[in-house]
Amino acid sequence: MYQFFLLKNIDVSLVKLNNFGTKKDKYLSVYLKQAKVWGGGIKRRVIFIMKIILHSKFEDIISIENLLLAWQEFLKGKKNKKDVQKFQFYLMDNILSLHRDLINGNYKHGGYEEFKINDPKPRIIHKASVRDRLLHHAVYRILYPFFEDTFISDSFSCRNRKGTHKAINRFREFNYIVSKNNTKTCWVLKCDIKKFFHSINQQILLDILQEYISDRDILNILSDILSSFNYGNQSVGLPLGNLTSQLFSNVYMNKFDQFIKHKLKIKHYIRYADDFVILSEDKQYLENIIFPIKEFLGHELKLTLHPDKIFIKTLSSGVDFLGWVNFPDYRVIRNKTKNRILKRLKENSSLEILNSYLGLLKHGNTEKIKNKIFDLLSLNLKFEISLNK
C-alpha cells in the first residue's frame, strides 16, 4: 500500500495507477488521468491532472555542445551578414566567453537595433546582438520541444509542422463538421487581440513560466531576456525580432487556449498568433461567449480584443482569415494581397519571387490572378524585347 497527501504536484512514485493508463511524455514523469489513493486508511478514488515540469537544467542550455548546435541553427541564411561574419571569425572564443559569463552569472542581455519593415503592414523590428541571439537559439532548442507538448493542436503560429496553410485547412475541416457537410448554416466568430506583442505583460509571462520551470537559473536567464525590452511602460511587450518571442507568445496565449478548450469547452476553435476564430451553428451562442472571452483576456492576461475586429458572419458570406476570404467550398485571396502581388511583380519579376507567389496561390481558387500575372509577365517580356531591338 502507498500513502501520501493529495497535492498539486504529487510525486508519481507514490501513485498506484489503474488501467486507465498514462500519457507518455519524455519531459515529465507521468500525466495521470485516474488513480487510486489511500489516505487515513480509507480507500477512495480521485481524478486529477498533474502539472508537467521541465526536467532539463540550466547546464543543458549553456553547455558548449548546445551553444554550438544553436550556432549552426542560427547561422542559416545569415552567413553574409557582417555582424555574423565578425562573430564567426572568433567563434570558439566568443562561445567560450558566453559560456563563462553564463556559468559565472555575469551575463547581461544587451540592447536592440531598431528598424522598420513592411510585411505587408509596417512593423518595427528589434534586432539583438549576435551574442544575444545565439543565446536565444540555445534557450529555444531546450524549451521549445517541452512547451510544444503543452500546446493545443489547433494553435498554428510559430510551431513546427503547423503554419497558415494547415490552419486554413483546419478551418475548412471545422466548417464541414459544423455545417454537417454544408447542409446547415455555419457561423464564425472572428477576433483579433489589440497590439498583441506590445501588450504582453512580462510578469504574468514569468509567472506562467514558473509553473513549468523549477530551475532558478533558467528562470533568471529568461527574466533577463524579457527585461531587456519594454514597450512604453516597464515590463510590457516582446520584441518582434527575438526567436524567443515566438515561443513566449505561444506560452502566454496557451493560457487562453486552455480556457477556451477546457473552461468554455469550445471544440471548433483555431488560433494563429493574435487572430482566432470559433465556428458554431448557433449565432446566439457565439454572441454570448464574447463577454467571458473579454473578461479572461483582460483579467488573466491584461490583453484587449480589438473593438473594430470582432465580428460574427456566416461562412457563406465570406470570412477573411489568414489572408484568404473563405467560403464553404472554396477560398479566394484578399484583394489587398492581389494588388500587392501584382505591384511587386511589376517592380521585380524574378523567378525566385514569381515561384514564391505561385506557391502561395496554389492553396486557393486563384485562376484569375494567375492569368493576370502571366499577362503581366508577357507584357514585361515584350517590353524588354522592344528595348533590345
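**Notes on the predicted model**

1. Asp 320 is placed in strand β12, which covers residues 319-321. The model is a predicted one. With a relative accessible area of 27%, Asp 320 is partly exposed, because that value lies between the 20% and 50% cut-offs. Leaving out residues up to four places away in sequence, Asp 320 touches Lys 190, Val 325 and Arg 334. Its C-alpha atom is separated by 9.4 Å from that of Val 332, twelve residues apart along the chain.

2. The average pLDDT of the protein chain is 85, and 83% of the residues score at least 70. Over residues 1-49, however, the pLDDT is below 50. Where pLDDT is low, predicted coordinates should not be read in detail.

3. As to overall composition, the protein chain has 14 helices and 14 strands. Of its 389 residues, 44% are buried. Among contacts with a separation of 6 or more, 65% are between residues 24 or more positions apart. The accessible surface of the protein chain is about 21,900 Å², and carbon and sulfur atoms account for 50% of that surface.

4. Which residues have the most contacts inside the largest nonpolar core? They are Phe 147, Leu 209, Ile 213, Phe 256, Ile 293 and Leu 301, in a core of 73 residues. Helix α5, residues 130-148, gives the most to this core, contributing eleven residues.

5. Apart from neighbours within four places in sequence, Phe 256 is in contact with Tyr 269, Phe 276, Ile 293, Phe 296, Leu 297 and Leu 301. Two of these partners, Ile 293 and Leu 301, are also listed with Phe 256 among the residues that have the most contacts inside the largest nonpolar core.

6. Helix α4 spans residues 91-104, and its 14 residues reach 20 Å from the first C-alpha to the last, close to the expected 20 Å. Leu 91, Ile 95, Leu 98, His 99 and Leu 102 are buried in α4. Viewed down the axis of α4, the buried residues fall within an arc of 100°, so they line one face of the helix. An α-helix has 3.6 residues a turn, so residues three or four places apart point the same way.

7. What covers the buried residues of α4, and what lies on its other face? The cover includes α1 (58-62), α2 (64-75), α3 (82-89), α5 and α9 (216-227). On the face turned away from the buried side, α4 carries the exposed residues Asp 93 and Asn 104. Gly 105 follows α4 and has a positive phi, near 75°.

8. Asn 181, which is not a glycine, has a positive phi of about 60°. Asn 181 is found in the loop between α6 (164-178) and β8 (187-192), and its relative accessibility of 60% makes it exposed. Lys 265 likewise has a positive phi, near 55°. Lys 265 belongs to the loop between α10 (243-263) and β9 (269-272) and is exposed, at a relative accessible area of 61%.

9. Is Ser 245 buried or exposed? Ser 245 counts as buried, because its relative accessibility of 3% is under the 20% cut-off. This residue is placed in helix α10. Not counting residues up to four places away in sequence, Ser 245 touches Phe 197, Leu 238 and Pro 239.

10. Ile 52 is located in the loop between β5 (42-46) and α1. Despite this loop position, Ile 52 counts as buried, at 10% relative accessibility. The C-alpha atoms of Ile 52 and Ile 213 are separated by 9.1 Å, although the two residues are 161 residues apart along the chain. Ile 213 is one of the residues with the most contacts inside the largest nonpolar core.

Terms used. Residues are numbered from 1 along each chain as its sequence is written. This is a predicted model: local features need pLDDT of at least 70, side-chain atom pairs count only at pLDDT 80 or more; totals for chains, interfaces and linings use all residues. Side-chain values use heavy atoms; hydrogens and water are left out. A nonpolar core is a set of buried Ala, Val, Leu, Ile, Met, Phe, Trp, Tyr and Cys residues joined through side-chain atoms within 4.5 Å. Buried means under 20% relative accessible area, exposed over 50%, partly exposed in between (1.4 Å probe, protein chains only). Helices (H or I, at least four residues) and strands (E, at least two) are DSSP runs, numbered from the N terminus. Contact means heavy atoms within 4.5 Å. Accessible areas come from the Shrake-Rupley method with a 1.4 Å probe; for residues, only the protein chains shown count as cover. The expected span of a helix is 1.5 Å times one less than its number of residues. The arc is that of the directions from the helix axis to the C-beta atoms. pLDDT is the predictor's confidence in each residue, from 0 to 100.
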